[in-house]
Each structure stands twice: as C-alpha cells, then as structure tokens.
Amino acid sequence: MIKIFRGISLLEGLSLLALLFIAMPIKYIWENPYYVKTIGMAHGLLFIAYVLFAIMTKFELNWKSKTLLIVFAASVIPFGTFYIDKKYLSGK
C-alpha cells in the first residue's frame with residue numbers, strides 16, 4: 001500500500017504544480033479556462049486519493065497524529081508531497 005501512496009503522492013504533487021504553474025497562467029494571461037478545468041479535476045481526484053491513502057498509511061506505519069497533519073499540510077504546498085516522500089516514505 002505504501003508504493004501506491006508514493007505513486008499517488010507523486011502524481012498529486014505534479015498535478016498541483018501543473019495547476020499552479022501551467023493552467024493558472026494560461027487561464028489568466030490568455031483567458032482560457034480549459035486547462036484549469038481538466039487539470040483541476042484530475043488534481044481534485046488525486047487529492048482525495050492522497051488524503052485517503054495517507055490515513056491508511058498512518059495505521060500501517062504507526063504515524064502519530066502530528067505526522068499525519070504534516071502529511072496533510074504538505075499536500076497543499078507546492079513541492080510538499082515530494083518532501084513527504086523523501087522524509088516519511090522512501091525506504092519503507
């Protein structure tokens with residue numbers, strides 16, 4: 001399950017970066033909301049999967065509640081999921 005969470009974490013982080021640094025500029029500079037809608041939908045689904053798998057991983061790795069809150073917080077910070085992967089998931 002940790003491998004699945006690592007994959008979802010990577011995809012969620014990449015989708016957040018694509019949303020912030022590709023889709024949003026296209027929307028506001030060229031007034032084309034298409035990419036925000038499509039990337040935003042994918043990011044939303046990946047975010048939900050990230051949260052669910054984080055909760056399941058908490059029990060598998062016996063994380064404290066503080067660690068789970070850090071994992072949640074990292075999901076809304078650009079590059080945060082990559083930090084979580086390196087600090088809490090790599091080598092597991």
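Where does I70 lie? I70 lies in helix α3, and I will come back to that residue once the rest of the chain is in place.

First, the basis for what I say. This is a predicted model, in which local features need pLDDT of at least 70 and side-chain atom pairs count only at pLDDT 80 or more, while totals for chains, interfaces and linings use all residues. Residues are numbered from 1 along each chain as its sequence is written, and side-chain values use heavy atoms, with hydrogens and water left out.

Now the overall picture. The chain has four helices and zero strands. Helices here are DSSP runs of H or I with at least four residues, strands are runs of E with at least two, and both are numbered from the N terminus. Read from the N terminus, the order is α-α-α-α. The C-alpha trace spans about 45 × 20 × 20 Å along its principal axes. Of the 92 residues in the chain, 37% are buried. Buried means a relative accessible area under 20%, exposed means over 50%, and partly exposed is in between, with a 1.4 Å probe and protein chains only. Among contacts with a separation of 6 or more, 65% are between residues 24 or more positions apart; contact means heavy atoms within 4.5 Å.

Next, the helix pairs. Two packed helices are described by the angle between their axes and the distance between the axes. The axes are lines fitted to C-alpha atoms, for helices over the stretch in contact, and the angles run from 0 to 180 degrees between N-to-C directions.

Take α1 and α2. Their axes are 8 Å apart and the packing angle is about 150°. The two helices are therefore roughly antiparallel to each other. On the cut-offs used, angles under 35 degrees are roughly parallel, over 145 roughly antiparallel, 65 to 115 roughly perpendicular, and the rest oblique. The crossing of α1 and α2 is left-handed, meaning that the near helix is turned anticlockwise from the far one by less than a right angle; clockwise would be right-handed. By class, the contact of α1 with α2 has 21 nonpolar, five polar and three charged residues. Nonpolar covers Ala, Val, Leu, Ile, Met, Phe, Trp, Tyr, Cys and Pro; charged covers Asp, Glu, Lys and Arg; the others, Gly among them, are polar.

Then α1 and α4. Helix α1 covers residues 2-29 and α4 covers residues 80-89; their axes come within 8 Å and cross at roughly 155°. That makes α1 roughly antiparallel to α4. On the α1 side the residues that meet α4 include F5, S9, E12 and L17, and on the α4 side they include T81, F82 and L89. This contact of α1 with α4 has seven nonpolar, three polar and three charged residues.

Helix α2 itself runs over residues 34-61. At 1.5 Å a residue, its 28 residues should span 40 Å, and its end C-alpha atoms are 39 Å apart, which agrees. The expected span is 1.5 Å times one less than the number of residues. Buried residues in α2 include V36, H43, Y50 and K58. The buried residues of α2 pack against α1, α3 and α4.

E31 is in the loop between α1 and α2, and N62 is in the loop between α2 and α3. E31 has a positive phi near 55° in a residue other than glycine; N62 has a positive phi of about 55° and is not a glycine either. E31 is exposed, at 69% relative accessible area, and N62 is exposed, at 65%.

What about the loop between α3 and α4? S75 is found there, and at 3% relative accessibility S75 counts as buried. Leaving aside neighbours within four places in sequence, S75 is in contact with E12, L16, F47, Y50 and T81. S75 and Y50 are 25 residues apart along the chain, with 8.0 Å between their C-alpha atoms. T81, in helix α4, is also buried, with a relative accessible area of 2%. Not counting residues up to four places away, T81 touches S9, E12, G13, Y50, A74 and S75.

Back to I70. With a relative accessible area of 31%, I70 is partly exposed. Beyond its neighbours within four places in sequence, I70 is in contact with I84 and Y88. I70 and G80 are 10 residues apart in sequence and 9.5 Å apart in space, C-alpha to C-alpha.
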